[in-house]
Amino acid sequence: MSAPLVEIEDLKVRFHGARTVHAVNGVSFRLDAGETLGILGESGSGKSVTLKTLLRLLPENRTEIGGRVRVDGVDILALKGKALADHRGGTASMIFQDPMLALDPVYTIGDQIAEAVMRHEGASAAEGRARALDMLTRVRIPSPERRLNAYPHEMSGGMRQRAMIALALACRPKLLLADEPTTALDATVQIQILLLLRELQREFGMGMIFVTHDIGVATEVSDRIAVMYAGEIVETGTVRDLIRDPRHPYTKGLLAANLHGAVKGSRLQAIPGAPPALEEPPRACSFAPRCPVKVSGCDTQRPPAITPGAGRMVRCVLAEAALQPG
Amino acid sequence: MLTYIAKRLIYTLPVALGVSIVCFMLVHIAPGDPLTSVLPPDASAQLQAEMRKIYGFDRPLIVQYGLWALKTLQGDLGVSIATGRPVAAELGKALGNTLMLAVLATFIGFVLGCLFGFVAGYFQNSWLDKLASFVSIIGVSVPHYWLGMVLVIIFSVQLNWLPATGAGPGGSADWAWDWVHVKHLILPAVTMSVIPMGIVARTVRALVADILSQEFITGQRAKGLLDGGVFRHVVKNAAPTALAVMGLQLGYLLGGSILIETVFSWPGTGFLLGQAIFQRDLPLLQGTILVLAMFFVALNLVVDVIQSMLDPRVQRA
């Protein structure tokens, strides 16, 4: 078995400020080359923070990162200066949620892509622009020659996200990090972008980590899904396993809250309550206060990581009980 | 782009008209008789009436304005009551001196202001930021005529490095680009640069801090740009606003330098304006105010055009 593209072990991220926030509390996962992992979770579950850690994009001065993060065999947490900048956009690159905010408003799309190519490959300005044109064609932006000289505000939302993808892929990264890339888009444009991403990911043979709060989107693009809650992965598995046979009560709740198969006129099955504030590292199961099937030990000890099958993991005492024969 | 400039030019016309009316009215609304300064106190009523007729003060205001505006358009600003010389010629010379002073002061202020602003914005809340902010607050709050006098005391009286007053040796008003003359420019320019320096520094600090907190800066880092590359993006985003502030400051300095020009006896428009006011020299006053106001309007136009060239989001249609 070859070495995985991404290997995260016991990642802990803490933000210091007016109050300390334990955003990520012991996340571990692996990603093979060419594989797509969907990270599913609600706001504040630590999914975006985990993603940004892979590019070290969190504010240095008030972030404390622990654990091990390796991408393509390189220890990301030890990177500094130029080596870190080489990693960003070279080995791994990111697509942001809102391209309107993530693209520089006073630079043309062509210049922004060319800049990345010139930076990473030492290309000339002309080569950079040629690559930019090639990339815009690949993401199927109509009349790409013209769009090369367009500013972000002159494009539609879907077009901007295509441009963002072109930028992210311009230097042929091995790993693509997508931070809710379809959340800011219309539903019809969403599906186009998802299909495009999936296609490009196969074409370029990249590994992709796709963060979303939309379970439908996650199942659409991913090979495997990791469900995050309160800074922890509570369940992982292949899309098929997770949808057919969710083991964690939170995953079950998420699936039940889906519109598909809902009876018209009936109330949607929402999960009651809100996620914890994470001012303290979790000492028990974080989901226990909202859990419909809570048992006595849930409030006092952290649930173990159970492996119910190959490539699966569940953090729940009930899953453990279910595995016990009898 | 050309249509944008043309459009902006057309918008400028009503503004210019309004400005000219205000200039004219301001001077005429002011209490007192404009002839008191030229006529002896015991002049006969007949002489007064005659003089009034010669200067045209006996006609209705609107006619006076019309005639004045017409002549102004032809470049004739009338004749100074106090000196009898054409206003346009006096003004031309003074304007050259003031422009030189104001442009140099704005340049110094802009360069230092940007430097302090960028340092403060990049290292927010560090001691560097506090130092830069302190300097810029001093810059905007210290009365500049006082600062001018202090500088004169230090550099002219005590150290005897630089001349205290005038625009050339022996009080001559003829400018030349040599060290003897440039020496006269240094103290007033430095004094004058302090306010734009403070304002530009504060603006740029806020701009840089805002830009750095935006997601597209994270986007540039995510792309792998080094600090220098990111800095280019910050500069290009900050430039339109910073330049606009600079342009406005230049406008203020052109008109608002009466105190500094008086302290340094600098033969510029501010000095001229002061003289015109104290001597109740109506044609000179009108002409000076009008030309300064028009400069301000033109400067705004230039700033707008430059801004639209730098910032693609400004509508050019």
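How many residues does the contact take from chain B, and how many from chain A? The answer comes in the last legend; the views before it take the chains in turn. The model shown is predicted.

View 1. Of the 326 residues, 45% count as buried. Take the contacts in chain A with a separation of 6 or more: 63% of them link residues 24 or more positions apart.

**View 2. Four strands of chain A form an open, antiparallel sheet.** The order is E2-E1-E4-E5. Strand E2 (21-31) and strand E5 (74-75) stand at the edges. Each has a single partner strand, so one side of each is left without a neighbour in the sheet. Strand E1 (residues 6-15) pairs with strand E4 (residues 63-71) over eight bridges, in the antiparallel sense. One place to look is A:Lys12, whose bridge partner in E4(A) is A:Gly66.

**View 3. Eight strands of chain A form an open sheet with mixed pairing.** Read across, the order is E6-E7-E8-E3-E9-E10-E12-E11. Strand E6 (92-95) and strand E11 (305-306) are the edge strands, and each pairs on one side only. Strand E6 of chain A runs parallel to its partner, strand E7 (residues 175-179), and the two share four bridges. Within this pair, A:Met94 has A:Leu177 in E7(A) as its bridge partner. In general, strands of a sheet pair through backbone hydrogen bonds, either parallel or antiparallel.

**View 4. The largest nonpolar core has 88 residues.** A:Ile113, A:Ala166 and A:Ala170 have the most contacts inside this core. Helix H7 (residues 157-169) of chain A gives the most to the core, with eight residues. What does A:Ala166 touch, leaving out residues up to four places away in sequence? Its contacts are A:Ile113, A:Met135, A:Leu136, A:Arg138 and A:Val139. Another core, of 62 residues, lies apart from the largest one. Among its members are B:Leu101, B:Ala201, B:Leu273 and B:Leu290. In soluble globular proteins, nonpolar side chains tend to be buried together.

**View 5. Chain B has 12 helices and zero strands.** From the N terminus on, its elements run α-α-α-α-α-α-α-α-α-α-α-α. The C-alpha atoms of chain B fill a box of roughly 85 × 55 × 35 Å along the principal axes. Buried residues make up 35% of its 317 residues. Among contacts in chain B with a separation of 6 or more, 74% join residues 24 or more positions apart.

**View 6. The contact takes 19 residues from chain B and 23 residues from chain A.** On the side of chain B that touches chain A, helix H8 (215-222) and helix H9 (227-255) of chain B each supply at least two residues. Which element gives the most to this side of chain B? H8(B) does, with seven residues. By class, this side of chain B has five nonpolar, eight polar and six charged residues.

Note on methods
Residues numbered from 1 in each chain as written. Chains lettered and ligands numbered in written order. Predicted model: local features only at pLDDT ≥ 70, side-chain atom pairs only at ≥ 80, totals over all residues. Core = buried A, V, L, I, M, F, W, Y, C linked by C-beta atoms within 7 Å. Buried ≥ 20, exposed ≤ 12 C-beta atoms within 10 Å, placed from the backbone. Contact = placed C-beta atoms within 7 Å. Nonpolar A, V, L, I, M, F, W, Y, C, P; charged D, E, K, R; others polar. Pairing = 2+ DSSP bridges.
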